[in-house]
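Hi everyone, thanks for making time. I'd like to walk you through a structure, so let me put it up on the screen.

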Amino acid sequence: MSSRSLLPQFFFSIERHLTLGVARQTNFTRIGIRRVSYLKQKSVLALSTRHLFSDVKGFIPCHRFLSSNMPPVVPKTDPIKIVEDLIKNNRIAVFSKTTCPYCIKVKQLFSALNLEIGVIEVDTREDGADIQDALLQKTGQKTVPNVFVNGEHVGGCDKTIEAHHSGRLQFLLNKSQGDASVEMTDAVKYDYDLVVIGGGSGGLAASKEAALLGAKVAVCDFVVPTPIGTTWGLGGTCVNVGCIPKKLMHQAAILGQSVEDAKTFGWELPEKAKHDWTTMVGAIQAHIGSLNWGYRVALREKKVEYINAFAEFVDPHTLKTTDKRQKEKTITAKYILLATGGRPRYPDIPGAQEFGITSDDIFSLPHHPGKTLLVGASYIALECAGFLAGLGINSTVMVRSILLRGFDQQIANLIGNYMEKHKIRFQRGYVPIKLERIEEGSPEEGTPGRIMVTSQNEEGELMEEEYNTVLFAIGRDACTNKIGIEKANVMLNPKNGKVICDEKEQTNIPHIYAIGDILDGKLELTPVAIQAGRLLAKRLFGNGTLITDYVNVPTTVFTPLEYGCVGLSEEDAIAKYGADDIEVYHSFLTPLEVTVPKRDGNEGYAKLICVKSLDEKVVGFHILSPNAGEITQGFAIGLKLGAKKADFDNLIGIHPTIAEVFTTLNSTKSSGADVLQKGC
């Protein structure tokens with residue numbers, strides 16, 4: 001066959017190779033292809049010789065075929081395969097549109113970093129819409145740019161730039177696209193197969209699971225006392241100064257309300273019930289002490305060594321431990337798991353650490369707190385204000401801006417309104433700038449001291465007010481800055497000190513992992529840390545393959561009226577899918593239990609956030625009511641399994657319950673219909 005007769009075959013092969021979307025984009029010079037019939041035109045491709053042979057290197061020509069008067073037909077490629085091929089064949093894959101300013105911004109970022117990218121410009125292809133649909137199925141993201149780095153989805157423009165600033169982008173670029181685990185030779189003998197730094201819920205779960213699978217494990221746990229000297233036992237934040245005592249004090253406040261309600265149901269009780277702070281604290285601390293002891297027993301039974309000492313890195317495989325007597329010991333480990341959690345942050349103002357406290361102190365406070373100022377708008381601030389007010393304590397919340405940042409803002413505002421109706425005062429727009437001790441308290445008499453708080457608003461106006469206790473709940477810091485992590489070369493987000501990990505909780509150092517509150521960009525929830533710890537141990541020592549699913553994790557804020565949620569807030573749903581594609585079904589509600597006491601009518605609220613284009617798939621579940629945590633836990637499985645609004649409609653409710661409202665929601669926000677509950 002002559003060289004002339006091979007030309008159609010040659011150019012057809014080039015065209016097939018290039019239209020797979022493999023485009024070299026170092027300086028965003030695209031390879032343009034104009035499909036024409038070879039028999040009708042001699043110039044088949046408007047393509048320079050330089051680009052032709054520099055960008056199609058390595059293609060495999062088609063097999064020899066017979067001459068024909070028919071032009072070659074390119075079979076339609078599956079859009080999912082097109083997406084997967086671009087991701088697989090490029091270290092950085094970008095799905096883009098030529099005229100999109102956000103796409104241009106992302107490509108300029110990679111260009112400035114001198115990074116080569118593979119791009120598909122969906123607006124230049126006949127199958128562009130199909131490719132975007134495939135991306136939506138894969139990522140849940142409808143818009144471009146849609147960026148992948150070493151096979152991992154980064155997101156759109158904002159997420160990509162954020163990843164660059166946080167260090168996550170560099171972390172992903174340093175990863176291999178294959179299995180990130182690295183086999184370590186057994187020639188090196190370590191003291192332990194796994195050392196866990198941190199004895200909280202996640203660290204304990206991982207250590208016990210690993211030991212059950214035959215690993216030699218140690219847990220290093222040491223509590224650095226708070227500025228006023230508070231410390232605690234094994235079990236971490238949740239057990240000692242978080243979920244457990246918080247829920248018990250929340251229950252104490254609920255009982256106070258129940259006592260008042262009981263009178264309307266015929267119970268003859270004293271006119272005014274009295275609460276004793278020290279009795280409550282003593283009982284709660286006794287329960288926590290039993291949990292601490294139970295954890296130590298469980299570690300011993302599973303042959304996990306408990307090292308009650310502060311651990312810090314000497315090198316990537318070596319740790320130095322220092323106990324309370326300053327006795328030092330050096331240990332080595334094949335794998336190291338960081339599970340150090342976080343601690344409350346103090347503002348950088350005079351008197352904050354000397355005279356203020358945090359949630360690390362309130363649950364074991366030996367005296368009645370008296371008039372209390374809670375600084376912050378987080379769930380911790382609102383939960384503490386809620387149970388303190390429920391116990392009859394004068395409580396004020398100082399809020400700089402919005403309540404419950406990151407949560408659904410409609411619900412957040414409903415919570416704030418409810419709390420204000422129940423004797424909790426809000427000082428909005430102010431921040432404290434100074435704390436001064438006016439009078440010392442009396443430990444013998446169990447009375448608090450007096451503190452003068454000076455605060456300021458954005459206009460510079462000053463305000464002074466006296467309190468007995470000032471509790472800061474302005475955020476938490478990851479406990480990574482004092483463990484010598486730089487000696488192990490573990491990458492942190494410089495903005496928050498959190499550990500950057502992949503989807504398998506693996507850091508940039510292959511044998512070092514992290515779970516829990518110190519993970520950058522993950523949820524700070526105890527059950528999440530426990531799940532991540534157990535699955536990680538199974539992957540390391542039991543041939544497990546499951547990884548933690550951080551999507552659609554249920555949670556509850558234990559404010560006086562509890563708030564449970566799963567999935568997206570209304571704001572996040574609109575940002576992800578667009579306002580026109582969102583339908584919100586909602587209703588106010590009145591629990592039957594409060595109808596006889598005649599309180600809190602239509603203070604409860606329920607809503608489902610649905611995506612119209614996904615057959616009304618439910619992407620957000622929100623409930624504001626008593627026992628919201630119990631309700632949310634049950635419905636969470638539905639969202640995990642992709643439930644749609646029709647599934648909720650087809651579910652028969654249990655009557656009379658609060659939860660049944662989700663089986664009868666039929667009013668939408670867009671309709672503007674009245675959603676106040678008027679019957680049972």
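This is a predicted model: local features need pLDDT of at least 70, side-chain atom pairs count only at pLDDT 80 or more; totals for chains, interfaces and linings use all residues.

Okay, so let's begin with H250. This histidine sits in helix α10. Setting aside residues up to four places away in sequence, H250 touches F387, F558, T559, P560 and E562. Is H250 buried or exposed? The relative accessible area of H250 is 4%, and anything under 20% counts as buried, so H250 is buried.

How do we describe two packed helices? We use the angle between their axes and the distance between the axes. Here, α10 covers residues 243–264 and α14 covers residues 379–390. They pack at an angle of about 35°, and their axes are 8 Å apart. The crossing of α10 and α14 is left-handed. On the α10 side you have K246, M249, H250 and A253, and they meet E383, F387 and G390 in α14. Sorted by class, that contact has 3 nonpolar, 2 polar and 2 charged residues.

Next, aromatics. How many aromatic pairs does the structure hold? There are 12. Take F588 and Y605: their ring centres are 5.0 Å apart and the planes sit at 55°, so we call that pair tilted. F588 is in strand β23, residues 582–589, and Y605 is in strand β24, residues 604–611. They're 17 residues apart, so the pair links distant parts of the chain. Both F588 and Y605 are buried.

Then there's F635 with F648, and this pair is stacked, with 5.6 Å centre to centre and 15° between the planes.

Let me zoom out to finish. The chain has 19 helices and 25 strands. Of its 680 residues, 49% count as buried. Among contacts with a separation of 6 or more, 66% come from residues 24 or more positions apart. The chain exposes about 33900 Å², and carbon and sulfur atoms supply 53% of that.

How values were computed
Residues are numbered from 1 along each chain as its sequence is written. Side-chain values use heavy atoms; hydrogens and water are left out. Helices (H or I, at least four residues) and strands (E, at least two) are DSSP runs, numbered from the N terminus. Buried means under 20% relative accessible area, exposed over 50%, partly exposed in between (1.4 Å probe, protein chains only). Contact means heavy atoms within 4.5 Å. Accessible areas come from the Shrake-Rupley method with a 1.4 Å probe; for residues, only the protein chains shown count as cover. Axes are lines fitted to C-alpha atoms, for helices over the stretch in contact, and angles run from 0 to 180 degrees between N-to-C directions. A crossing is left-handed if the near helix is turned anticlockwise from the far one by less than a right angle, and right-handed if clockwise. Ala, Val, Leu, Ile, Met, Phe, Trp, Tyr, Cys and Pro count as nonpolar, Asp, Glu, Lys and Arg as charged, and the others, Gly among them, as polar. Rings of Phe, Tyr and Trp (its six-membered ring) pair if their centres lie within 6.5 Å; planes under 30 degrees apart count as stacked, over 60 as edge-to-face and the rest as tilted.
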